[in-house]
Amino acid sequence: MAKAAKNNTLKLKFDTINYAPAPESKSSATIDAQYDLFINGKFEKPLSKKYFDTINPATEEKLSSVAEANAADVDKAAKAARTAYDKVWSKMPAKERAKYIYRIARMIQERAREFAVIETLDGGKPIRESRDIDVPLVANHFFYYAGWADKLAYAFPNRNPKPLGVAGQIIPWNFPLLMAAWKIAPALATGNTVVLKPAETTPLTALKLAEIIQESDLPPGVVNIITGAGATGAAIVNHPDINKIAFTGSTDVGKIIQRAVAGTDKKVTLELGGKAANIIFEDAPIDQAVEGIINGIYFNQGHVCCAGSRLFVQESIYKEVMRKLKDRIATLIVGDPMDKNTDVGAINSKQQLETIHKYITIGKKEGLEIFESSCTLPKKGFFCKPTLFTNVAQSSRIAQEEIFGPVLAIQTFRTDDEVIEKANNTPYGLSAGVWTDKGSKIFNLTTKLRAGVIWANTYNKFDPTSPFGGYKESGFGREGGLQGLGTYLNV
Ligand code: ADP
């Protein structure tokens, strides 16, 4: 009898995940065979004469080849940005600048489907995510900052805010278009011009954005988008005529950048790694919390610097949470990112998949207990099963180091003070989540957790009006909101 019941449960679970495929059409997206550098309002061949491939991580097929900018190309882009700043953009009335930013926002909305499809093809994230989260947020960022452009005097009363000049912006592969929006929109609203470099594995939506910028008639040189890898990024950082560096990426590269700009008058904002704690108290709405944990670490393949990669569960509810968490993991659909049913898409690159596997091996060698989804992974492409580790010690590398994949480290706690101490015991301080029914507990934790963003009874919620950024090795400076304007101004 008991055995029959168990079999029924298994069958039910299998039925739940066995949806018919619902692939998104690729017809809305055109991807050129080759992309040049967007400098001074035109697509130009790179002086380096070099190109590199960008592939679809879900199929390993080549999507396009993209120019690799060298130091001479960076110099050309920086000069274009400087001329545009001196001659046009810094002289233009703010309300005129705003009109261009509004226009870009509307054009992104009009071509939202195309952006979402290309984001998913190039980056591997589920189409549901790029369609419902990334692209709408991108348009919202442009709308939000367009609104501020002619109101800076109200944002910073009696402080006579002035733009910095040319901003060099370097972004990662986890939110390729959203990070471009986070960087470009406030820079333009505050009167700066831009040289932006997307990550080498996800350049295509930034290049599509360049097409929109060209069509919007934004004056040439105000936004320049150049592609390449680390050396191109370093050339931007070291260019003498760039006034501000805005970087989102790994803590290692953030440290290199900080060393490179030491002793110069460049301003810097760094948004780096994270190892966020998601904390569930016994009085939390458990089902809601489990869904939030799943969202925090498994949706988007854990490719979020603020991913809830450490879970702290109060001892009294540990068994219940673990049962519900494992049941939910069993229903996650892992596979084709273009399928609208998919929850967990492709890992962004082979290299990143190897890093995740390295950490899973470390966890096993450390003697931690592992549980992973029983799903079957596609034969081609870079995929990883949603995985969790229990019995994790504070000193475990799984609990201390950023993995940037769908791997959750679970620990238990008894008291508020204990969990605050454990949660803060990491070099990072980007984000955290608290799940409880008690407002007083939320206030207690939000004041004591050393994290830039803390969500209460929700997770991974973004809005252009709220500032985002970290403490400690997660970086400094804020993006989003009013605070995101200040980092592009002399006030
Ligand atoms: P991740 O580990 O998330 O890939 P990285 O920090 O390596 O993050 O990359 C983030 C961005 O920084 C990418 O656009 C990458 O090309 C760029 N980058 C890598 N190395 C350097 C460097 N030394 N200087 C400036 N930018 C760099």
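The model in which it is found is a predicted one, and the volume of the largest pocket comes to about 1,300 Å³. Among the 49 residues that line the largest pocket, those closest to its centre are Trp173, Gly249, Ser250, Val253 and Gln352.

## Make-up of the lining

Several secondary-structure elements each supply at least two residues of the lining of the largest pocket, namely strand 4 (51-56), helix 9 (230-238), strand 10 (244-248), helix 10 (251-261) and helix 13 (350-365). Helix 10 gives the most to this lining, with seven residues. Sorted by class, the lining residues of the largest pocket comprise 22 nonpolar, 17 polar and 10 charged.

## Packing of helix 5 and helix 7

Helix 5 (residues 127-148) packs with helix 7 (residues 176-189) at an angle of about 5°, their axes being 9 Å apart. Since angles under 35 degrees count as roughly parallel, helix 5 and helix 7 are therefore roughly parallel to each other.

On the side of helix 5, the contact is made by Asp134, Val135, Leu137, Val138, His141, Phe142 and Tyr145, while helix 7 brings Leu177, Leu178, Ala181, Trp182, Ile184, Ala185, Pro186 and Ala189. Divided by class, the contact of helix 5 with helix 7 has 13 nonpolar residues, one polar and one charged.

Definitions and conventions
Residues are numbered from 1 along each chain as its sequence is written. This is a predicted model: local features need pLDDT of at least 70, side-chain atom pairs count only at pLDDT 80 or more; totals for chains, interfaces and linings use all residues. Side-chain values use heavy atoms; hydrogens and water are left out. Axes are lines fitted to C-alpha atoms, for helices over the stretch in contact, and angles run from 0 to 180 degrees between N-to-C directions. Helices (H or I, at least four residues) and strands (E, at least two) are DSSP runs, numbered from the N terminus. Angles under 35 degrees count as roughly parallel, over 145 as roughly antiparallel, 65 to 115 as roughly perpendicular and the rest as oblique. Contact means heavy atoms within 4.5 Å. Ala, Val, Leu, Ile, Met, Phe, Trp, Tyr, Cys and Pro count as nonpolar, Asp, Glu, Lys and Arg as charged, and the others, Gly among them, as polar. On a 1 Å grid over the protein atoms alone, a cavity is a set of points where a 1.4 Å probe fits but cannot get out, and a pocket is an open set with protein on both sides within 12 Å along at least five of seven lines; lining residues have an atom within 4 Å of a point. Grid points are joined across faces, edges and corners, and a volume is the space filled by probe spheres set on the points.
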